[in-house]
Every structure is written in structure tokens, then in C-alpha cells.
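Me: I'd like to learn how to read the ring features in a structure. Can we go through one together?

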Amino acid sequence: MSERQSSCFRDCFFSFLIPNLISSVFAIIDTSVTSMLASRRLGDAVLYSLNAAVPVYLFLCALGSLLGSGAFYLAARAYGRADTKEGGRIISASVWLAAAVSAVIMLLGLALSPIIASLLAPQGLQDMVLTYVRVVFAGSVPVIMAYMPFNFLRLVGKVRYSALAVVIMGSMNVLGVLVFVYLLDLGIAGSALSLVVSSASVLISGFCFLMCGERGVNIRLIRPQFSLSREVFRFGSPSA
């Protein structure tokens with residue numbers, strides 16, 4: 001490897017490493033702070049219900065990771081062939097695929113919420129778990145789709161903006177707990193609502209960062225083909 005290639009590789013490595021490291025550390029801090037705040041305010045029964053219902057939120061996150069990482073791989077492969085037109089088409093189609101999947105999950109989740117709550121918690125806590133599950137499923141679209149701009153920002157080289165989006169999300173999550181749990185005293189519903197609002201904040205800010213600026217990506221209205229959908233799920237499954 002020549003000195004020029006080595007220098008280029010080193011610059012690229014650190015330009016990606018530092019923002020990703022910052023976003024990872026901030027995500028850990030955010031989780032710790034929000035957990036501490038919630039535990040100090042909510043009672044033992046609510047905390048138990050919260051822990052019982054969290055798998056629903058984690059399922060939505062895993063699905064978002066699947067869609068985002070699968071689309072990232074396919075678009076990166078196109079960009080690697082210097083086919084920016086195909087890469088842009090894949091990004092646009094994947095966004096609408098994620099929107100459609102999110103909408104379906106939202107409707108199914110809301111319809112099946114009573115059954116899911118009964119499977120997750122004992123009889124005395126099912127009402128609180130049901131509240132959390134309904135709020136999270138109602139916010140399925142931002143929770144799942146938040147992973148799309150996060151992955152695409154790194155793809156087009158806007159790594160700093162992907163880290164900034166994580167910082168915005170974490171800040172909104174902490175603010176949401178303070179407002180919905182402490183100020184408005186919404187209990188377990190407030191905890192779920194803070195997650196949804198923070199996901200919506202990273203979704204909006206992420207797409208703004210993605211579509212604006214020098215390397216902005218134009219999200220077009222493109223119907224995702226079955227072949228693309230199959231490939232997204234195929235390559236996104238290991239990450240999920």
C-alpha cells in the first residue's frame with residue numbers, strides 16, 4: 001500500500017470512527033439517564049410493567065435495523081459500482097418500503113395489543129403493559145423508520161450528521177421523560193411516548209440532513225418492487 005493510499009485510509013477510518021464512537025457513547029449515557037429518571041419517579045409495579053413491555057419496542061427497533069441495514073447494503077453496492085442513479089433509486093424505494101411495513105405493523109400491533117399484553121404480563125399488570133404496547137405500536141412509523149436516515153447518512157459520507165441525529169434523539173428522550181413522566185405525570189404512557197417522540201425527532205432531523213447540503217439525496221416517490229423488498233430483508237436479517 002502506498003503512502004498516499006495509507007493516508008487516505010487513515011483519514012477515512014478516523015472520520016468514520018470518531019462520530020460513530022460519539023454516537024455510541026451518547027446512546028449509552030442517554031439510556032442510563034432516562035432509566036435513572038424513570039426509576040426515581042415510577043413505582044415498582046410500573047417499572048415491572050415497563051420491563052415486561054420493552055420487548056415490543058425492541059422488536060420494532062430490530063425491524064428498523066433490518067430494513068435500514070439491508071437497504072444500506074444494496075445502495076452501497078450500487079454506489080460502489082459508481083451507479084449513483086441506481087443507488088438513489090434504491091434509497092428512495094427502501095424508504096417507501098419501510099413506510100409501508102411500518103404502517104402494517106402499526107395496524108396489526110394496535111389490533112393485537114390486548115393479546116400481546118396478556119402474553120407479556122400477569123393479570124394484575126396487564127392494563128399498564130397494554131397502555132405501553134398501544135402507545136409504542138401507535139408510534140411504529142417513526143420508531144422503525146428512524147433507522148433509514150441514520151444508515152443513509154453514513155452511506156453518503158455525512159457521518160457527523162448521523163452522530164448529531166443520535167444526540168438529538170437522546171436529548172429528546174431525556175426531555176420527553178422530564179415532560180411526560182415528571183411534569184405531566186403520565187406514568188408508563190409517558191415513558192413510551194418519550195421513546196416515540198425521540199424517534200420522530202431523529203427521523204425528521206435525519207431526513208433533513210440527508211436531503212440537504214452538498215451531497216443531498218432526493219427521495220422520490222418510487223414503488224418498491226418485490227425483488228428489492230426480498231433483497232432488503234435478506235441482507236438486513238443478520239444485523240437485525
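**Rings, charges and helices**

Reply: Let's start here: the charged end of R154 sits over the ring of F72, 5.8 Å from the ring's centre. A charge counts as sitting over a ring if NZ of Lys or CZ of Arg is within 6 Å of the ring centre and within 35 degrees of the ring normal. Keep in mind that this is a predicted model, where local features need pLDDT of at least 70, side-chain atom pairs count only at pLDDT 80 or more, and totals for chains, interfaces and linings use all residues. Residues are numbered from 1 along each chain as its sequence is written, and side-chain values use heavy atoms, with hydrogens and water left out.

Me: How many aromatic pairs are there?

Reply: A pair of aromatic rings is described by the distance of the centres and the angle of the planes. Rings of Phe, Tyr and Trp (its six-membered ring) pair if their centres lie within 6.5 Å; planes under 30 degrees apart are stacked, over 60 edge-to-face, and the rest tilted. That rule gives two aromatic pairs here. Y73 and F235 are stacked, because their ring centres are 4.3 Å apart and their planes are at 25°.

Me: Which helices do Y73 and F235 lie in?

Reply: Helices (H or I, at least four residues) and strands (E, at least two) are DSSP runs, numbered from the N terminus. Y73 lies in helix α2 (residues 44-80) and F235 in helix α9 (residues 226-236), so the pair ties together parts 162 residues apart in sequence.

Me: And what about Y161 and F209?

Reply: Their ring centres are 5.0 Å apart with the planes at 40°, so the Y161 and F209 pair is tilted. Y161 belongs to helix α7 (residues 159-183) and F209 to helix α8 (residues 188-211), so this pair ties together parts 48 residues apart in sequence.

Me: Is F209 buried or exposed?

Reply: Buried means under 20% relative accessible area, exposed over 50%, and partly exposed in between (1.4 Å probe, protein chains only). F209 is buried, at 19%, while Y161 is partly exposed, at 41%.

Me: What is S201 in contact with?

Reply: Contact means heavy atoms within 4.5 Å. S201 is found in helix α8 and is buried, with a relative accessible area of 13%. Leaving aside neighbours within four places in sequence, S201 touches I168, M169 and M172.

Me: What does the secondary structure of the whole chain come to?

Reply: Nine helices and zero strands. Buried residues make up 44% of the chain's 240 residues.
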